[in-house]
Amino acid sequence: MSVWVNKLRGTAGKTGAVEGKTSVSSGAPRTASPFWVMVQKEFGDHIRSWRFVILLGIVTLACIGSLYTAVTALKDGAQTSGGDANFLFLSMFTVSSSGLPNFLTFLSFLAPLIGIAIGFDAVNSERSKGTLSRVMSQPVHRDDFLVAKFVAGLLLIAVVVFSLGFLVMGTGLYTIGYPPTPEEFGRVIVMLLITTVYVGLWLNLSLLFSVRFKQAATSALSGIAVWIFFLVFYGMIVNLIGNALTPSDPNDVQGYMDAQNLLTLLSRISPAHLFQEAASTLLLPDVRTLNPFVTQEQAYLAISTPLSFGQSTLLVWPHIVALIAETSLSFAATYLLFMRQEIRSRS
Amino acid sequence: MTTIEAAEPVIQLKNLSKTYGDFTAVDRLNLNIYPGEIYGLLGPNGAGKTTTILMMLGLTEPASGEALVCGLDATRNPMQVKRKVGYMPDDVGFYEDRSALDNLVYTARLNRIPEAEARSRALLLLERVGLAEVAHKRTGTFSRGMRQRLGLADVLIKNPQVIILDEPTLGIDPEGVRELLALIRELSRNEGITVLLSSHHLHQVQQICDRVGLFVQGRLIASGDIDTLSRQLDGAPAYRIELDVLPWNESLETALRGVDGVTDVQLTPGGGLSDSNSPNAELATVVVSGTEDTTAGLTKAVIDAGASLFGVRPLRYGLDDIYHRYFEGGESRERLG
């Protein structure tokens, strides 16, 4: 035993940089690592902040609104369209009446807002308040600081999203008195997970802006600009490109297909589109394919039943991967930018 | 000084340089700071003081050269260096919606100090810097002076061997400065902490620094204790004494010049008080330069000449003068030693 300890000490002495990370974990009284201390503090800061209260208020309103829509729609007999009472519970998240948005719409609308609101001043406010250089002069890895911001934000988002989802489920259960099957429950959980990833993407984007821009207002504005771009303009631009690319010859099948494939690819760059496709596929088991082209044989021979849970997940798996990839990309950009910045007090 | 310099230096900068594009912020800096001393890094704004400090902490990478702190290369092992060095940035900031105590405990926990211990240590330090009553107040309500004192507590909570203070006295009222400097001095003397402080406020730093370095345009143009620095000034007399006398006349001047060791007598234009409304408007202030301490002889000469003596002040070169001289001299006088 002591030989090992000595050996460890020896190697730690030789490779000084490594020692910084490992030596403390072997210390007698285990103390929380600085990383988790930072996460804890960030999380606490978020929960105490006014912005969290406001967000919670908006989210609660959205929850009540979507429930109201769903319940009125269900009363009016919306399930007749699907014809199966199997997924009545899921329809609570997707049906709407009299023009009011349903839960899914609310979620796709609010999710980026939550992400942006949590992250937009994460780094630049610390910088302008002079706390960044103080924290950086403590024995803390620079990347830990950024990762702690992200992890704390993501934890908070997970808490908000899941509590929102469970609230709707619970209230819905109470109102319509129709319990979910395990499959339905699973679908909702996976949908909430995807939502968390999606909000995490927006959190990351806003973190990127908060590293890039010194002013919190600029960073918030850039975040909102990107959000609006994907929400409103991106679809338009894709349509515009689509119109230009569509071959004039109506018999050019290959041309049509190429154009359509390109359009699908383009629109799937947008995280908003990815999320909407993924979430609605999970909540609407009737969706059998996301491909705009189905051959006659496929359409004719397909059994007209809802997909199983596993198959639905398989269908949206590329979407989930794409969302995670986009999140990782923007995190990598943030990381690079932050590591290259010089930390001076209040500048 | 010799006893201090015999020890291994705590901070050792070897040919340290830093460039931003074409601009050289720090130019081949060599500096040794020894255990237990208070070293003042003096220079105008933009001289490269903060950049040098950042390189000592491994927060920014030098273009060339190395910074050894406690025997460790700050660029390669920033984590270990940061464990031993407390750094108070210029205009230190705290989490404004947290209390002073919370802020300190947070710093302590980032240094892996268990929470209970961190708490008791934080309270002790708050007591020490005179912030015990406001320990549970939000730091957002703190004044600048309080923040600086809290900053000092924040630096001390990890039991550092070296503390680096960047412009610690900036923006505090004179009384606050006095208290803060007294605190720093006490710490250095009682606990043997090495202190490096940067400032452009010469007077303040002069009071507590063992040694100072003049830092201009990325270069250390002089280093040493204040006496050495003032002697380094070429042609500067070793001792100067300022006298307030009444009346001032030729015979008194001759009498003063006759005192042993006196080399020069000069009337200060406008007089010491230069206030024409005061009853002592005609009071003359003269500066007597000499090769040795001539105070005793001068006072006797004034009395013997039948004049009244209103004030005697030994004049040491203040850092202001030193600073000024170096700037006046420009390039030709960049190294006097």
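Two residues are in contact if their C-beta atoms, placed from the backbone, lie within 7 Å. This is a predicted model: local features need pLDDT of at least 70, side-chain atom pairs count only at pLDDT 80 or more, and totals for chains, interfaces and linings use all residues. Residues are numbered from 1 along each chain as its sequence is written, while chains are lettered from A and ligands numbered from 1 in the order in which they are written. Helices (H or I, at least four residues) and strands (E, at least two) are DSSP runs, numbered from the N terminus. Chain A has 15 helices and zero strands. Chain B includes an open sheet of six strands and an open sheet of four.

**Chain A: overall**

- Chain A has 347 residues, and 34% of them count as buried. A residue is buried if 20 or more other C-beta atoms lie within 10 Å of its own, exposed if 12 or fewer, and partly exposed in between; C-beta atoms are placed from the backbone.
- Take the contacts in chain A between residues at least 6 apart in sequence: 80% of these join residues at least 24 apart.

- Helix H4 of chain A covers residues 50-75, 26 residues in total. From first C-alpha to last, H4(A) reaches 38 Å, close to the 38 Å expected at 1.5 Å a residue. The expected span is 1.5 Å times one less than the number of residues in the helix.
- The buried residues in H4(A) are A:Val59, A:Cys63, A:Ser66, A:Leu67, A:Thr69, A:Ala70 and A:Ala73.
- These buried residues pack against three helices of chain A: H5 (88-94), H6 (103-119) and H9 (142-176).
- H9(A) has 35 residues and reaches 51 Å from its first C-alpha to its last, close to the 51 Å expected at 1.5 Å a residue.
- Just after H9(A), A:Gly177 takes a positive phi of about 65°.

**Chain B: the six-strand sheet**

- The strand order is S6-S7-S8-S3-S9-S10, with mixed pairing. Two strands pair if DSSP finds at least two bridges between them.
- Strands S6 (85-88) and S10 (219-224) of chain B stand at the edges, each with a single partner strand, so one side of each is left without a neighbour in the sheet.
- Neighbouring strands of this sheet are turned by 15° against each other on average, direction ignored. Axes are lines fitted to C-alpha atoms, for helices over the stretch in contact, and angles run from 0 to 180 degrees between N-to-C directions.
- Strand S8 (residues 194-199) of chain B is mostly covered, with six of its six residues buried.
- On one side of S8(B), B:Thr194, B:Leu196 and B:Ser198 are buried; on the other, B:Val195, B:Leu197 and B:Ser199 are buried. In a regular strand the side chains alternate between the two faces of the sheet.
- S8(B) pairs in the parallel sense with strand S3 (residues 38-42) of chain B over five bridges. Here B:Leu197 is the bridge partner of B:Gly40.
- S8(B) also pairs in the parallel sense with strand S7 (residues 162-166) of chain B, over five bridges. B:Val162 stands opposite B:Thr194 in S8(B).
- S6(B) and S7(B) pair in the parallel sense over four bridges. The bridge partner of B:Tyr87 is B:Ile164 in S7(B).
- Helix H6 (residues 144-156) of chain B lies across S6 and S7 of chain B, running at about 160° to S6(B).

**Chain B: the four-strand sheet**

- The order is S12-S13-S11-S14, and the pairing is antiparallel.
- Strands S12 (262-267) and S14 (308-315) of chain B stand at the edges, each with a single partner strand, so one side of each is left without a neighbour in the sheet.
- The twist averages 20° from one strand to the next.
- Strands S11 (residues 239-246) and S13 (residues 284-290) of chain B pair in the antiparallel sense over seven bridges. B:Val245 has B:Ala284 in S13(B) as its bridge partner.

**Chain B: helices H10 and H11**

- Helix H10 (residues 250-257) of chain B lies across S11, S12 and S13 of chain B, running at about 155° to S12(B).
- Helix H11 (residues 295-304) of chain B lies across S11, S13 and S14 of chain B, running at about 165° to S14(B).
- The axes of H10(B) and H11(B) come within 9 Å and cross at roughly 150°. That makes H10(B) roughly antiparallel to H11(B). Angles under 35 degrees count as roughly parallel, over 145 as roughly antiparallel, 65 to 115 as roughly perpendicular and the rest as oblique.
- B:Leu252, B:Ala255 and B:Leu256 in H10(B) meet B:Leu298, B:Ala301, B:Val302 and B:Asp304 in H11(B).
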